Amino acid sequence: MSDHRKLGRELGLFDTDPLIGAGLPYWLPDGATVRHTLEEYIRAAERRAGYRHVYSPVLGKRELYELSGHWQHYSDDMFPPMDLGAEQVVLRPSLCPHHAAIYRSRGHSYRELPLRMAELGGMYRSELSGVLGGLTRVRAIQLNDAHIFCTLEQVADEAGAALEMIRRAYEALGITPARYRLSLPGPGGKYVAAPGMWRRSILLLTEVLDRSGLPYEAVEGEAAFYGPKIDVQVADGVGRESTLSTVQVDFHQPERFDLRYIGPDGARHRPVMVHRSIIGSVERAVAHLIEQHGGAFPAWLAPTQLVVLPISEAELARAEEFVRRCDELGLRAELAGPAHGTLGARIRAARLVPYQAVLGAREAAADRVALRLRDGRRLEPRPVGEALARIEALVKSHSTELWDAA
């Protein structure tokens, strides 16, 4: 694996500026394309799984985080409050208090549950300068977050479904988990003092992991302050682990926010909150993908999916038409004509692009294309429409394969 900080800058994906500040990277056009594509993949997967998307503000009153418990248990990681008249507002360190407030803004029936609320939203952590690095430890985070409000009987199924969403996303992204961890509370006062709540939560997540058949390790001291969690760990090239995805069970915040639903008996009942994040923060996910693939992203995620290489000026018009056809299919294509150097030089420059479409005189005359794949394979010339249809199908299926055997 490569260091994402070095490769990300070399490939023009992201960068930093001391005037903007440490831990606050900005995204360049190619990096923004990768990020946008990843975000759209996750939103579409969530929609198919029955999630409803919301937007909530990145600021909240200090009282919101006092109510949620963040102020008591998590304030060391929060930015200081800002005075706003007689009130104090805080840059949020988490999205869950906002989603709890959204849930309680309306009455709910048991028929609505499970209610799956998702947001790809910003949050902020006051990380110390010494631990900041590239995209893996930042102060402004874009989190793929969701909260499922459900009955106690629905918790195991919802948590299990979240694990399956994580598995499918990793398959599409070419990510191999290092291990699954059941993160439990440890000694000290950073956890909510509610032994019965912890016992129930741990039993539920243990059941989910046992039912899934996934190997896992139980580790003390890694739980959230309000509940245990399943952490999906990934490793970099030197074996350093980080958490990418999580599934958590929370009895604490539904109680703090007095969340309710009307049951089939007509009485008011307390829902359970299942927190889950399929790819965690976009920043950490992209950092891992850069290192995992060395910049050679799966075709569906690559900033440029296809580069068109006319051999001479005579094929330029055909090459421009080829790019237009790619655009119509939603494929990200670029033209690299003879002005960019010899054909060999242009091929080397596009070594990370999944598909290279070479157009010579014979191909241009017959509306055919000779494809070179990033892995070194060279395909026989074939009709342009057929080649693009095959590429489009692979991209739309989020396959990690460059070519099918059909």
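**View 1. S126 in the loop between β7 and β8.** In this predicted model, S126 is placed in the loop that runs between β7 (115–124) and β8 (140–150). A polar atom of the S126 side chain lies 3.5 Å from the backbone oxygen of D76.

**View 2. The packing of helix α2 with helix α6.** Two packed helices are described by the angle between their axes and the distance between the axes. Here helix α2 (residues 29–48) packs with helix α6 (residues 155–173) at an angle of about 145°, and their axes are 12 Å apart. The crossing that α2 and α6 make is right-handed. On the α2 side the meeting residues are L38, Y41, A45 and E46, while α6 brings M165, R168, A169, A172 and L173. Sorted by class, this contact of α2 with α6 consists of seven nonpolar residues and two charged residues, with no polar ones.

View 3. Rolling a probe the size of a water molecule over the atoms shows where empty space is left. In this structure there is one cavity of 30 Å³ or more, and the largest cavity holds about 60 Å³ of space. Its lining is made by R318, E321, F322, R325, L359, E363, A364, D367, R368 and V384. By class, the lining of the largest cavity divides into six charged and four nonpolar residues, with no polar residue among them.

**View 4. The second largest pocket and the residues around it.** The volume of the second largest pocket is about 440 Å³. This pocket is lined by 20 residues, of which T304, E334, A349, A350 and V353 are the closest to its centre. At least two lining residues come from each of β17 (333–335) and α11 (343–349), and α11 gives the most to the lining of the second largest pocket, with three residues. When the lining of this pocket is sorted by class, 13 residues are nonpolar, three are polar and four are charged.

Technical notes:
Residues are numbered from 1 along each chain as its sequence is written. This is a predicted model: local features need pLDDT of at least 70, side-chain atom pairs count only at pLDDT 80 or more; totals for chains, interfaces and linings use all residues. Side-chain values use heavy atoms; hydrogens and water are left out. On a 1 Å grid over the protein atoms alone, a cavity is a set of points where a 1.4 Å probe fits but cannot get out, and a pocket is an open set with protein on both sides within 12 Å along at least five of seven lines; lining residues have an atom within 4 Å of a point. Grid points are joined across faces, edges and corners, and a volume is the space filled by probe spheres set on the points. Helices (H or I, at least four residues) and strands (E, at least two) are DSSP runs, numbered from the N terminus. Ala, Val, Leu, Ile, Met, Phe, Trp, Tyr, Cys and Pro count as nonpolar, Asp, Glu, Lys and Arg as charged, and the others, Gly among them, as polar. Axes are lines fitted to C-alpha atoms, for helices over the stretch in contact, and angles run from 0 to 180 degrees between N-to-C directions. A crossing is left-handed if the near helix is turned anticlockwise from the far one by less than a right angle, and right-handed if clockwise. Contact means heavy atoms within 4.5 Å. A polar contact is a pair of N or O atoms within 3.5 Å; within protein, one must be able to donate a hydrogen and the other to accept it, and residues adjacent in sequence count only if both atoms are side-chain atoms.
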